[in-house]
Amino acid sequence: MQLLDATGEIDDLWPEAGETLPDAGRILVPLERLEQALASPLEIGVHIPNDTDPKSLIPHFGRLAMISVDFPSFADGRGFSIGRCLRGEGFVGRLRATGPVISDQFTYLMQCGFDEIALPDAVASRQPLEDWLSQPELVTLGYQRGRQGRGSILDQRRNHA
């Protein structure tokens, strides 16, 4: 698994939970183990399927340092909506897209609020790091408003009319 953010390849600081939780540190747990992890003193990350209602996590925002959203396919856009919703509801921790997304989606993932992308090795081997890092310069306009307050193509047209 290769982990990328806007600066390039980064180290994964979130070990996946084993059978038992450690006594200290941070851990990434699947959604079905979230309640168990919340009872621990650990710094918690949770990995959620892309059919999870993101609003169900709101009560836990204070304890969640990272949320990883599953992208089972580059063609399944539900994870984009989940990321945007989590940020819109006030989640300020790390937000990770996990799965076989493609470099063309990198800018849109960042605009929806994702901080990093965990790519399967098969995808990473077909798409060099340079492809990922060049995307923000290639995609400068969009039809949706970006999370960072960036207007859309339609906003720009309206402002020039």
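Leaving aside its neighbours within four places in sequence, with which residues is aspartate 5 in contact? In this predicted model, the partners of aspartate 5 are Ile10, Arg94, Phe106, Met110, Asp115, Glu116 and Leu133. Aspartate 5 belongs to strand S1, which covers residues 2-5. Its relative accessibility is 13%, and aspartate 5 therefore counts as buried, the cut-off being under 20%. A polar contact of 2.5 Å links the side chain of aspartate 5 to the side chain of threonine 7.

The strands S4, S5 and S6 may be taken next. S4 and S5 run parallel and are joined by five bridges. Within this pairing, isoleucine 48 has valine 69 of S5 as its bridge partner. S5 also pairs with S6, again over five bridges and in the parallel sense. Here aspartate 70 stands opposite threonine 98 of S6. From S5 the chain passes through H2 to S6, a β-α-β crossover that is right-handed. Strand S5 is mostly covered, with five of its seven residues buried.

Helix H2 contributes the buried residues Gly79, Phe80, Ile82, Gly83, Cys85, Leu86 and Arg87. These buried residues pack against S4, S5 and S6, and also against helix H3, residues 106-111. After H2 comes glycine 90, which has a positive phi, near 105 degrees.

A pair of aromatic rings is described by the distance of the centres and the angle of the planes. The count comes to three aromatic pairs. One of them is formed by phenylalanine 61 and phenylalanine 91; this pair is tilted, with 5.3 Å from centre to centre and 55 degrees between the planes. Phenylalanine 61 is located in the loop between strand S4 (43-48) and strand S5 (64-70), and phenylalanine 91 in the loop between helix H2 (78-88) and strand S6 (94-98), so the pair ties together parts that are 30 residues apart in sequence. Phenylalanine 61 and phenylalanine 91 are both buried. Another pair, phenylalanine 71 with phenylalanine 80, is edge-to-face, its centres lying 5.4 Å apart and its planes at 90 degrees. Both of these residues, phenylalanine 71 and phenylalanine 80, are buried as well. Together with Phe114, Phe71 and Phe80 form one aromatic cluster. An aromatic ring also meets a charge: the charged end of arginine 26 sits over the ring of tryptophan 14, at 4.7 Å from the ring centre.

The loop between S4 and S5 also holds arginine 63. Is arginine 63 buried or partly exposed? Its relative accessible area is 33%, so arginine 63 is partly exposed. Not counting residues up to four places away in sequence, arginine 63 touches Ala37, Leu38, Ser40, Leu42 and Ile44. With serine 40 there is a polar approach, as a polar atom of the arginine 63 side chain lies 2.6 Å from the backbone oxygen of serine 40. Arginine 63 and glycine 45 are 18 residues apart along the chain, and their C-alpha atoms are separated by 8.8 Å.

Key:
Residues are numbered from 1 along each chain as its sequence is written. This is a predicted model: local features need pLDDT of at least 70, side-chain atom pairs count only at pLDDT 80 or more; totals for chains, interfaces and linings use all residues. Side-chain values use heavy atoms; hydrogens and water are left out. Helices (H or I, at least four residues) and strands (E, at least two) are DSSP runs, numbered from the N terminus. Buried means under 20% relative accessible area, exposed over 50%, partly exposed in between (1.4 Å probe, protein chains only). A polar contact is a pair of N or O atoms within 3.5 Å; within protein, one must be able to donate a hydrogen and the other to accept it, and residues adjacent in sequence count only if both atoms are side-chain atoms. Contact means heavy atoms within 4.5 Å. Rings of Phe, Tyr and Trp (its six-membered ring) pair if their centres lie within 6.5 Å; planes under 30 degrees apart count as stacked, over 60 as edge-to-face and the rest as tilted. A charge sits over a ring if NZ of Lys or CZ of Arg is within 6 Å of the ring centre and within 35 degrees of the ring normal. Two strands pair if DSSP finds at least two bridges between them. A crossover is right-handed if, with the strands pointing away from the viewer, the path from the first strand over the helix to the second runs clockwise.
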